[in-house]
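The paragraphs below proceed from one residue to its surroundings, and then to other parts of the chain.

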Amino acid sequence: MNDLTTTTLEPSKYDRLIAAAQEVAPAVTIVTHPCDESSLRGAIEAAESRLIVPVLVGPAAKIRAVAAEHGLDLKEYELVDAPHSHAAAAQAVALIRQGRGELLMKGSLHTDELMREVTASATGLRTERRISHVFVMDVPGHADTLFITDAAINIFPDLDVKRDIVQNAIDLWTTIGLGQPRVAIVSAVETVTTKIPSTIEAAALCKMADRGQITGGVLDGPLAFDNAISPEAARIKGLTSPVAGRAQIIVVPDLEAGNMLAKNLTFLSHADAAGIVLGARVPIVLTSRADTVRSRLASCAVATLYAAARRRAAQVAA
């Protein structure tokens, strides 16, 4: 992300998430094709920070060569040989299906390449829930951790898909211990109008929450971004709700809007943006070569906290 964030030394919201994740057992993480410095270093730094236990899947000789070139110690990390990125993605998903890992982590391959294996109908990691992405953002000067969804997977989601996008984000927020989230379904305006279909979908999502079709969060929408995030803007518009002006989860109309919003916050407000994919059998850590060290660690921390909560729930159920 932005270079300015790499020099930030004061404690951040991410530091609290990382510290919380270090209190639970590190999650065994299948790292797919970590064949460049940033992806391999990210996995190793997360392991050294006691967040994950990596299993490295990809061309073994190439991974060792990258490690040697950049002075990275592979220690005793398990290395599963796969000839190329396609094979690494397939092998990584197979290891998850075999119960060998609790998290999946993207290395130096295209997101589409990994997600194609994740979403394969016969051999992938699909569940009854639609897969979606959440940006977990630390915005300087903003009191709360901010979730933005979906800005990476679903391009033009319909109402049914948006229901899963909202539920995935709420489940992540509550599962990692942040409490009950305030969820804003945003559009260009805060009034319902047939001229802007996303306002109608926002109103429908709020009614779905009223009827118990979405649970765990407090929803309001449609809201414009300013009156979702700014108490003063909400006051001026006369909006009174638990969410208006105080939103913690921002649900965008489509991927284009969400991606631009997240990148505006990153490059204009110097925010850090961690990323995680939900709705599959296991959380998926999506990292970018532009991510800061703190963003990479935060992505792993959020996924590890989520995996630990799922582990506890499975033990209770057993």
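Is Phe 147 buried or exposed? In this predicted model, Phe 147 has a relative accessible area of 0% and is therefore buried. Trp 173 also counts as buried, because its relative accessibility is 2%.

A search of the whole structure finds 1 aromatic pair. A pair of aromatic rings is described by the distance of the centres and the angle of the planes. Phe 147 and Trp 173 form an edge-to-face pair, with 4.9 Å from centre to centre and 75 degrees between the planes. The pair links distant parts of the chain, for Phe 147 belongs to strand S6 (residues 146-149) and Trp 173 to helix H6 (residues 159-175), 26 residues apart.

Helix H6 also contains Asp 164. With a relative accessibility of 11%, Asp 164 counts as buried, because the limit for that term is under 20%. Its side chain makes a polar contact of 2.6 Å with the side chain of Arg 163. When residues up to four places away in sequence are not counted, Asp 164 touches Glu 128, Arg 129, Arg 130 and Ser 132.

The next topic is the nonpolar interior. In soluble globular proteins, nonpolar side chains tend to be buried together. In this model, the largest nonpolar core has 58 residues. Leu 40, Val 136, Val 166, Leu 172, Ile 185 and Leu 219 are the residues with the most contacts inside this core. Helix H11 (residues 293-317) supplies the largest share of the core, 9 residues. Apart from this core lies another, of 24 residues, among them Ala 92, Leu 95, Leu 114 and Met 115.

Which residues does Ile 185 touch, not counting those up to four places away in sequence? They are Val 166, Ala 202, Leu 205, Cys 206, Leu 219, Asp 220, Gly 221, Pro 222, Leu 223 and Val 251. Among these contacts of Ile 185 is Cys 206, and Cys 206 counts as buried because its relative accessibility is 13%.

How many disulfides does a search of the whole structure find? The search finds 0. A disulfide requires the two sulfur atoms to lie within 2.5 Å. Cys 300 is itself buried, because its relative accessible area is 1%.

Methods. Residues numbered from 1 in each chain as written. Predicted model: local features only at pLDDT ≥ 70, side-chain atom pairs only at ≥ 80, totals over all residues. Heavy atoms only, no water. Core = buried A, V, L, I, M, F, W, Y, C linked by side-chain atoms within 4.5 Å. Buried < 20%, exposed > 50% of the residue type's maximum accessible area, 1.4 Å probe, protein only. Helix = DSSP H or I, 4+ residues; strand = E, 2+ residues; numbered from the N terminus. Contact = heavy atoms within 4.5 Å. Phe/Tyr/Trp six-rings, centres within 6.5 Å; stacked < 30°, edge-to-face > 60°. Polar contact = N/O pair within 3.5 Å; in protein donor to acceptor, adjacent residues only side chain to side chain.
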